[in-house]
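This report is meant for a reader who is meeting the structure for the first time.

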Amino acid sequence: MGTVVGFRLAIAAIFLLAASHAPAQEPSKQSLDRQYQSAVTDFSAGRFSQAVAKLEPLLPYATRSFEVHELIGLSYASLSETQKAEAHLKLAVQIAPNSVPARTNFGTLLLQEGKVALAAEQFRYALQLDPESYDANHNLAEIYIRQGKLAAAHPLLAKAQSVNPASYGNGYNLALTDYMLGKLDDALSMAKSMLAIHNTAELHNLIGHIEEKDGRFVEAANAYEIAAHLNPSEDNLFDWGSEMLLHRTYDPAIEIFETAAERYPKSPRMQIGLGLANYFRGKYDEAVKALLRAIDLDPADPRAYMFLARAYDSSPTEADNVIERFKRYVDLKPNDARAQYYYAMSLWKGKRSGNAGADLTKVMDLLKSAIALDDNLADAHLELGDLYSGQHQYEKAIPQYVRALELDANLSDAHYRLGTSYVHLGKKEEAQKEFAIYQKLRTEHLAKLEKERDEIKQFVYSESGGDAASRNTQSGVENP
């Protein structure tokens, strides 16, 4: 952003012409100069209202003064009076169209007003006027970043960094852009070079993202840990805990998420992270409790219900509370097939655990409703088949198992149960075929583990925006 440097040198010329045409009773050139300079002093000291009060009386005597319109425009902008600021900064550009600072100031204000295209136009003019200008390169790059045009932003950020290697904000954005463009070595080199300027948590966090994307787990975990210690923000703690969770170091993940949940008790994602860490560590009761807390914090988040259904299947604790949450989810989203499915399974789980209040007819109705809403829900077909099978209705069970396997041929339980149903109907050949497939699938444990890791990764990335960009992009365009 432009500054008041150089204003005093132009004062005599500004007011000499005005004073030469002024009536004798009007202020002298010297008094106008003094008032202007006093306004400059007020502006520099942050006394923007006082600056405006001194500049407004000068306007009739300097209608074509770039300096006066520029300074009063900056003062109005600092007071958030954007309409007045825009009028004066626009006039300053018209008076001095070849001024890079004028273009920069006007463009920055337009950007703050959300007029991105007009702001970009001013920044492009500034770049044409001075291709070596740090501000011109950096500010136009910021526009491109906002528009998602990272490839266009990159050379401008690189040019700005060559002009001013000590610029932390530009350097950070250059490293982030390299990361998002897949230039991981360049991103890491730039991020580490920025650490010599500012040892910040966000830089370590970015380094963690870079190392993770490049497959260096230990380095990523260390970077996230440093970021969390430097600034134990919700994002930094989440990223640190998630890194441990992604790579199955569950005990440290539990400890981190417990600490984070205490610090941020209203954060649903911290409770989900804690629930997942406990679940995969085999602490199912603790997992259920954490996921119930997550649901209470954000009843509309479908992920918490998905993980709660899995944890509850391994732990019958909190039955009444779990059933009540799934019922509430159905009420909240009556047209959601999974909501119907989860509610059905929570009721059926209660029945299998000796809960006399369970109603298998209701369970069946909910499963049928889920399938009616989404016939591609393999789990619902599988469970409906089990329900029929439990009632010895094997002719009805078999089509459900077949449909489940059409949707997911790797459902080992579906092959086994389909085989069992064939046995009951005397179809031995078909049964043996299904049992053979079942045995083969049971040996493929790695695929299941990888599927679990992918589910964790989906949760982690959905919370962090897939990368650091969703929350860490520096706003390098300074305020007017």
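## Basis and overall make-up

Helices (H or I, at least four residues) and strands (E, at least two) are DSSP runs, numbered from the N terminus. This is a predicted model, in which local features need pLDDT of at least 70 and side-chain atom pairs count only at pLDDT 80 or more, while totals for chains, interfaces and linings use all residues. Residues are numbered from 1 along each chain as its sequence is written, and side-chain values use heavy atoms, with hydrogens and water left out.

The protein chain has 27 helices and 0 strands. Of its 480 residues, 49% count as buried, where buried means under 20% relative accessible area, exposed means over 50% and partly exposed lies in between (1.4 Å probe, protein chains only). Among the contacts in the protein chain with a separation of 6 or more, 54% come from residues 24 or more positions apart; a contact means heavy atoms within 4.5 Å.

## Nonpolar cores

A nonpolar core is a set of buried Ala, Val, Leu, Ile, Met, Phe, Trp, Tyr and Cys residues joined through side-chain atoms within 4.5 Å. The largest one has 73 residues, and Leu-308, Tyr-341 and Leu-367 have the most contacts inside it. Helix H20 (residues 337–352) gives the most to this core, with 9 residues. A second, separate core of 61 residues includes Leu-32, Tyr-36, Ala-51 and Leu-157.

Not counting residues up to four places away in sequence, Tyr-341 touches Leu-367, Ala-370, Leu-377, Asp-379, Ala-380 and Glu-383.

## Two helix pairs

Two packed helices are described by the angle between their axes and the distance between the axes. The axes are lines fitted to C-alpha atoms, for helices over the stretch in contact, and angles run from 0 to 180 degrees between N-to-C directions. Helix H16 (residues 268–280) and helix H17 (residues 284–297) pack at about 165°, with their axes 8 Å apart, which makes H16 roughly antiparallel to H17; angles over 145 degrees count as roughly antiparallel, under 35 as roughly parallel, 65 to 115 as roughly perpendicular and the rest as oblique. The residues of this contact divide into 10 nonpolar, 3 polar and 2 charged, with Ala, Val, Leu, Ile, Met, Phe, Trp, Tyr, Cys and Pro counted as nonpolar, Asp, Glu, Lys and Arg as charged, and the others, Gly among them, as polar.

Helix H8 (residues 134–146) and helix H9 (residues 150–163) pack at an angle of about 155°, with their axes 8 Å apart, and H8 is therefore roughly antiparallel to H9. Among the residues that meet there are Tyr-134, Leu-140 and Tyr-144 in H8 and Leu-150, Leu-157 and Val-163 in H9. The contact of H8 with H9 divides into 12 nonpolar residues, 2 polar and 1 charged.

Leu-59 is found in the loop between helix H3 (48–55) and helix H4 (66–78). Leaving aside neighbours within four places in sequence, Leu-59 is in contact with Val-68, His-69, Ile-72 and His-88.

Most residues other than glycine have a negative phi, and most peptide bonds are trans. Arg-248, although not a glycine, has a positive phi of about 65°; Arg-248 lies in the loop between helix H14 (234–246) and helix H15 (250–263) and is partly exposed, with a relative accessible area of 38%. His-392 likewise has a positive phi of about 65° without being a glycine, and this residue, in the loop between helix H22 (378–390) and helix H23 (394–407), counts as exposed at 59% relative accessibility.
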